[in-house]
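Okay, everyone, thanks for coming. Let's have a look at the model I brought along today.

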Amino acid sequence: MKNKMINIIVVLLSACIFFSFFIFTKGISSMIQELKSLDIRWMSLAIIAVILFWTFETMILYIIMKKLYPGERLFFKSVKFQMVGQFFGAITPLGAGSHPSQLYAMTEAGMPAGLSGSILIIKFMIHEIVNIFFLVVSLLFKFNYFNLKIKYFFYFAIFGVVINIGVMLLAVSIVINKKITKGIINFIVKLLGKIHIMKDIKSKQDKIETEIESFHKNAILIGKHIGMCAHALVYSLLQWITYFSIPYFIYRSFGFSSTDLWTIMAAQVFLTVFMTAIPLPGAEGGAEGGFYIIFNLFFKAKTVIALFVWRIITYYLSIIVSSIFILAFPNVHLKK
């Protein structure tokens, strides 16, 4: 996380490619005119939803950390760790940099690696439970609607179920199997070393070895703190409800109203599942293509400009805000 210039270059390059595509596709004057015609009230709700998404993520971290490792200025530190995860998750393939970067930030702030890993695995499993819940509900109530309108939707739906259940099973196996945990953590450390985020790899690996036992002891905290997990689960539900609602607010900003909130939320659930399998930073290309295929059902001729707005709000805004926050507050020291 010390190579800030590299991160800035990645953000700028990605943004330049993104903006260039839309400028050449629609033209600057045409885009400006269409953007000016949007209802500012609904657009404000979309932006507020993104801010709430970050806030709920922060609250999940705060609740778990407050219970397991209370310290000074804990809420601010939760914001910091959340922003670190947002940034590195956005600029790495499959969002793979999110949890490793948070783990690194937490250990650098003085938190034991085993406990940090436990906090992140609890948060991760809560998110997976909530995402599987939304996926199952969307399939039960909206599968036929999308299956009739989108070619090969059945295969994408099955793929999404398999991926999410597979990820959950992997998380469970990490918790109960020390050998798997050791292999994954060592892989993460080596990866961070190769991309120059972490130095002195050997000493870090030796330190992590001693923390693995702690990690597995702390993993049973899920069962010991059901109330804490339930509290975090509520925030996770609210977090993803706000995120899945963003396309609806954008939809209404165009003046459309014929499609209900639940249908568009389900569309975003399916798109999010599809995006998780795209092996590029921010699911670049796949996110745009998936949005166009699914949301063309609702936006019709306005799909391209709607895609532009959605991607700015849900992806690039996150990169911009989180990178500014990381640069402005580079060090967070945790005192128990």
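Let's start with Phe 88, which counts as buried at 4% relative accessibility; buried means under 20% relative accessible area, exposed is over 50%, and partly exposed is in between, using a 1.4 Å probe and protein chains only. Quick word on the background: this is a predicted model, where local features need pLDDT of at least 70, side-chain atom pairs count only at pLDDT 80 or more, and totals for chains, interfaces and linings use all residues. Residues are numbered from 1 along each chain as its sequence is written, and side-chain values use heavy atoms, leaving out hydrogens and water.

Phe 87 is buried as well, at 3%. How many aromatic pairs are there? The count comes to 35, where rings of Phe, Tyr and Trp (its six-membered ring) pair if their centres lie within 6.5 Å; planes under 30 degrees apart are stacked, over 60 edge-to-face, and the rest tilted. Phe 87 and Phe 88 make an edge-to-face pair, with 5.2 Å between centres and 90 degrees between planes. Phe 254 and Phe 256, on the other hand, have planes at 10 degrees and centres 6.2 Å apart, so that pair is stacked. Phe 254 is buried at 17%, while Phe 256 is partly exposed at 25%.

Now over to Ser 116. Is Ser 116 buried or exposed? Buried, with a relative accessible area of 0%. Leaving aside neighbours within four places in sequence, Ser 116 is in contact (heavy atoms within 4.5 Å) with Leu 103, Met 106, Thr 107 and Met 111. Tyr 69 sits 47 residues away from Ser 116 in sequence, but 9.2 Å away in space, C-alpha to C-alpha.
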